[in-house]
Number of protein chains: 2
Amino acid sequence: MLPMTQHVNRPRVVVIGAGFAGINAAKSLAGAPMDVAVVDRKNHHTFQPLLYQVALAVLSPAEIASPVRTVLRRAPNVEVVLGEVVGFDLEKRLVRLDGLDLPYDYLIVAAGATHAYFGHPEWEEFAPGLKTLEDATEIRRRILLAFETAEREVIANRPQPPLNFVVVGAGPTGVELAGAISDIAGRHLTKEFRKIDPRHSRIILLEGGPRVLPTYPEDLSASAERQLREMGVEVRTSAMVTNIEPGVVSVGKEKIPASVILWGAGVSASPLGRMLGVPTDRAGRVIVERDLTVPGHAEVFVVGDLASAKRRNGQPVPGVAPAAIQMGKFAARQIKRVLAGKPREEFEYLDKGSLATIGRSRAVADFGKFHISGLFAWLAWLFIHLLFLIGFRNRLFVMSEWAWAYLTYNHGARLITEPGEKEQVEKPRARVG
Amino acid sequence: MLPMTQHVNRPRVVVIGAGFAGINAAKSLAGAPMDVAVVDRKNHHTFQPLLYQVALAVLSPAEIASPVRTVLRRAPNVEVVLGEVVGFDLEKRLVRLDGLDLPYDYLIVAAGATHAYFGHPEWEEFAPGLKTLEDATEIRRRILLAFETAEREVIANRPQPPLNFVVVGAGPTGVELAGAISDIAGRHLTKEFRKIDPRHSRIILLEGGPRVLPTYPEDLSASAERQLREMGVEVRTSAMVTNIEPGVVSVGKEKIPASVILWGAGVSASPLGRMLGVPTDRAGRVIVERDLTVPGHAEVFVVGDLASAKRRNGQPVPGVAPAAIQMGKFAARQIKRVLAGKPREEFEYLDKGSLATIGRSRAVADFGKFHISGLFAWLAWLFIHLLFLIGFRNRLFVMSEWAWAYLTYNHGARLITEPGEKEQVEKPRARVG
């Protein structure tokens with residue numbers, strides 16, 4: 001089976017995943033003398049750092065996602081395949097998709113991470129995490145529906161249900177979500193409800209560890225916690241969640257009633273890591289060599305959140321977007337070097353700093369020696385995220401949405417759209433014989 | 001049960017439906033000495049004339065929809081209730097929602113229309129119509145997926161499936177959809193596929209009657225057909241669809257293979273019309289008096305697509321947006337007149353003309369004496385639709401999207417997002433123990 005019929009003698013590269021790592025690998029191979037196929041289950045690259053803004057109705061899905069084909073339009077040697085990987089044959093050098101085998105000379109696996117519920121997959125239904133556009137619109141639906149339901153109960157002369165938003169996990173995603181809910185409840189919705197006051201919402205951020213943003217320096221964790229409290233978020237550290245049921249989060253014996261529960265507590269590697277049949281760490285990430293290849297398979301690279309890589313100082317490479325971008329570009333460069341007869345390099349992560357946004361005009365930034373908090377950190381976050389947002393069009397539109405939301409306090413994308421499943425149930429009722 | 005506790009002595013008006021008719025009724029009652037409740041199953045008002053642009057990935061859902069609360073934000077006497085009507089008690093003057101009864105002194109029912117499959121509800125699954133945002137994103141998913149699947153089959157060295165897009169019904173929606181598919185296949189997608197040529201798509205528009213746009217003057221029907229043919233659309237009139245199966249549309253004995261089938265053939269009134277227990281016409285529309293009230297219930301108005309109303313000349317009031325807007329405003333004005341002790345008026349539809357868009361720079365317009373075709377009709381369409389699009393923000397953003405799409409041939413919202421149902425099936429596979 002020879003999928004790339006144009007150039008039978010050119011090396012074939014298959015890239016699995018069109019996230020930050022995969023898309024950057026593919027872009028780096030544009031125009032090189034090889035045939036590249038990028039495989040993803042979705043037709044779009046998602047700018048994950050802004051997903052929470054879709055969940056909080058500031059941005060629309062199309063503003064933080066671009067079709068993979070559009071991103072790679074100007075790379076005639078790069079083909080895009082919509083499909084799900086069901087297996088690998090590393091000996092025959094085949095990627096097995098549902099109904100289609102793709103042969104490769106070089107393989108770059110960049111399948112990313114998914115939510116981890118610490119052995120409680122049944123929690124996922126009650127506490128969705130935030131990894132895809134579908135996750136984001138589902139979270140948006142739940143948050144907006146909580147306010148609508150409360151208003152409706154008061155109209156029906158029944159007691160108002162508590163407007164409790166519980167966010168589990170105070171990593172960057174949890175902090176963003178908690179801060180953004182405070183923004184939307186405290187300002188944007190207040191004028192639009194007649195019976196309830198969204199400002200009386202409780203936003204509870206639960207963190208199992210001793211401080212928020214555990215991967216940040218301690219002073220920035222403290223600053224983030226202070227900024228969150230100023231915004232009215234109840235921050236509870238060393239609060240280990242022991243159970244999640246519909247509407248209730250348990251911390252030890254305490255049961256916290258919750259209208260919406262969101263999960264920001266942990267991620268786990270894509271199951272594709274284990275499908276490779278090579279050593280993985282406890283989180284399912286593939287333990288890679290210094291050149292990001294799999295032991296015994298110098299032609300198979302694993303990059304991005306799926307890779308368990310070490311820095312020269314022995315520290316792990318963090319699971320952040322800049323690391324994924326660097327790893328994707330690195331793998332592409334190694335393939336080009338090998339084909340050019342040059343020796344391989346060793347990967348080293350260049351840490352340019354970390355930024356976590358908290359809310360309107362609030363953020364923390366860790367640039368190594370410089371730690372910044374508040375407005376300036378937020379402006380830096382804004383600038384950097386616009387800079388890296390893929391596609392000129394998206395950048396322009398996101399900038400206008402942000403300006404609009406900032407000036408008017410009006411979140412434009414506040415739509416409750418039904419998931420498909422519910423539609424199936426409801427449609428027959430609307431049918432007229 | 002007294003939902004409106006602030007002003008127990010003020011008349012209570014319940015408006016069912018936040019489409020063009022309902023939202024205009026509610027806006028007209030803003031600030032009047034009465035308590036108004038607007039009930040809708042969705043939290044947003046959808047600008048239906050632009051739905052096809054969401055289906056064809058030019059616009060995002062948020063650009064043609066506004067939260068009902070936002071539209072009515074400045075009307076403190078208007079409350080919004082998210083809920084589904086399950087029944088009426090016209091004697092007790094109650095609207096029954098799921099778990100909540102709303103009493104009224106005046107009722108305005110503006111529940112609109114839904115797709116009609118002429119006694120074949122099983123066709124809906126294979127040939128979706130275009131009434132809601134969910135319909136639009138589902139159609140978008142099917143069209144984009146057809147190209148992806150064809151590309152994938154060629155990569156797998158299998159025969160390319162036919163890229164046949166069959167649109168059933170050549171009313172304004174069918175014509176818009178056919179023209180827009182031609183636009184997207186002929187220009188926007190051509191540079192992004194490596195194995196297939198989207199320009200080789202066939203777009204087949206089937207109309208049971210003798211001409212396209214049957215409600216338009218004959219010369220404009222002929223012009224629309226000519227413009228469609230110039231765009232490569234195969235127009236087949238007097239072609240009655242006899243069966244729809246997955247991938248096949250039957251016209252008599254002929255079976256037309258189709259990768260995507262879309263339904264623009266007919267609408268039927270909302271089932272709420274029959275729930276009222278008053279006389280309806282064959283399509284389920286409520287036969288109203290000259291003041292748009294139900295016989296025997298001068299306090300119950302039925303407006304918009306759900307109403308079967310007659311003009312003074314005996315012609316039916318057409319099921320178009322301007323008529324719905326005029327009827328909604330009329331009902332509101334009658335309530336205010338009655339409360340002011342003034343006599344009721346008779347409704348008369350003011351026909352300002354009809355516009356149907358066909359594709360980039362192509363449209364037809366019927367302004368009574370003046371019939372326009374082509375670029376000028378299209379510019380008129382553009383201007384009028386921007387003018388009536390609800391909300392300054394949406395207008396601004398839609399204008400920029402249109403300018404962008406027109407200048408770059410780049411459709412920005414080309415996302416395939418999964419319906420919720422499929423997500424439920426897929427998620428367990430992505431879970432890591």
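How many cavities of 30 Å³ or more does the structure hold? Which residues line the largest cavity?

Guide: The model is predicted, and local features are taken at pLDDT of at least 70, side-chain atom pairs at pLDDT 80 or more, and totals for chains, interfaces and linings from all residues. Residues are numbered from 1 along each chain as its sequence is written, chains are lettered from A and ligands numbered from 1 in the order in which they are written, and side-chain values use heavy atoms, without hydrogens and water.

The structure holds 5 cavities of 30 Å³ or more. A cavity here is a set of points, on a 1 Å grid over the protein atoms alone, where a 1.4 Å probe fits but cannot get out; lining residues have an atom within 4 Å of a point. Grid points are joined across faces, edges and corners, and the volume is the space filled by probe spheres set on the points.

The largest cavity contains about 80 Å³ of space. Its lining consists of A:Asn43, A:Pro67, A:Val68, A:Arg69, B:Leu144, B:Phe147, B:Glu148, B:Leu189, B:Phe193 and B:Arg414. Helices and strands are DSSP runs numbered from the N terminus, a helix (H or I) having at least four residues and a strand (E) at least two. Helix H3 (68–71) of chain A and helix H4 (133–155) of chain B each supply at least two residues of this lining, and H4(B) gives the most, with 3 residues. Sorted by class, the lining has 6 nonpolar, 1 polar and 3 charged residues. In this sorting Ala, Val, Leu, Ile, Met, Phe, Trp, Tyr, Cys and Pro count as nonpolar, Asp, Glu, Lys and Arg as charged, and the others, Gly among them, as polar.

The second largest cavity holds about 70 Å³. It is lined by A:Leu144, A:Phe147, A:Glu148, A:Leu189, A:Phe193, A:Arg414, B:Asn43, B:Pro67 and B:Arg69. Helix H4 (residues 133–155) of chain A makes the largest contribution to this lining, 3 residues. The classes here are 5 nonpolar, 1 polar and 3 charged residues.

From H4 of chain B one may turn to the loop between strand S10 (113–115) and that helix, where B:Leu130 lies. B:Leu130 counts as buried, because its relative accessibility is 11%; buried means under 20% relative accessible area, exposed over 50%, and partly exposed in between (1.4 Å probe, protein chains only). Apart from neighbours within four places in sequence, B:Leu130 has contacts (heavy atoms within 4.5 Å) that include B:Leu51, B:Tyr52, B:Ala55, B:Ile139 and B:Trp263. Although B:Ala55 is 75 residues away along the chain, its C-alpha atom is separated from that of B:Leu130 by 8.3 Å.

Most residues other than glycine have a negative phi. B:Ala57, however, is not glycine and has a positive phi near 70 degrees. It is buried, with a relative accessible area of 1%. In chain A, A:Ala57 occupies the loop between helix H2 (51–55) and strand S4 (65–67), with a positive phi of about 70 degrees and a relative accessible area of 1%, so it is buried.

Further along chain B, strand S7 (residues 94–97) pairs with S8(B) in the antiparallel sense over 4 bridges, where pairing requires that DSSP find at least two bridges between the strands. One bridge joins B:Leu97 to B:Leu100. The two strands form a hairpin with 2 residues between them, and B:Gly99 in the turn has a positive phi of about 85 degrees. From strand S8 (residues 100–103), B:Leu100 and B:Leu102 point one way and B:Asp101 and B:Pro103 the other, and all are buried.

Finally, chain B contains an open sheet of 3 antiparallel strands in the order S23-S24-S25. Strands S23 (354–359) and S25 (370–373) are the edge strands, each pairing on one side only. Strand S24 (residues 362–367) is joined to S25(B) by 4 bridges, and B:Ala365 has B:Ile372 as its bridge partner.

Conventions. 1 Å grid on protein atoms, 1.4 Å probe; cavity = no way out; pocket = protein on both sides within 12 Å on 5 of 7 lines; lining within 4 Å.
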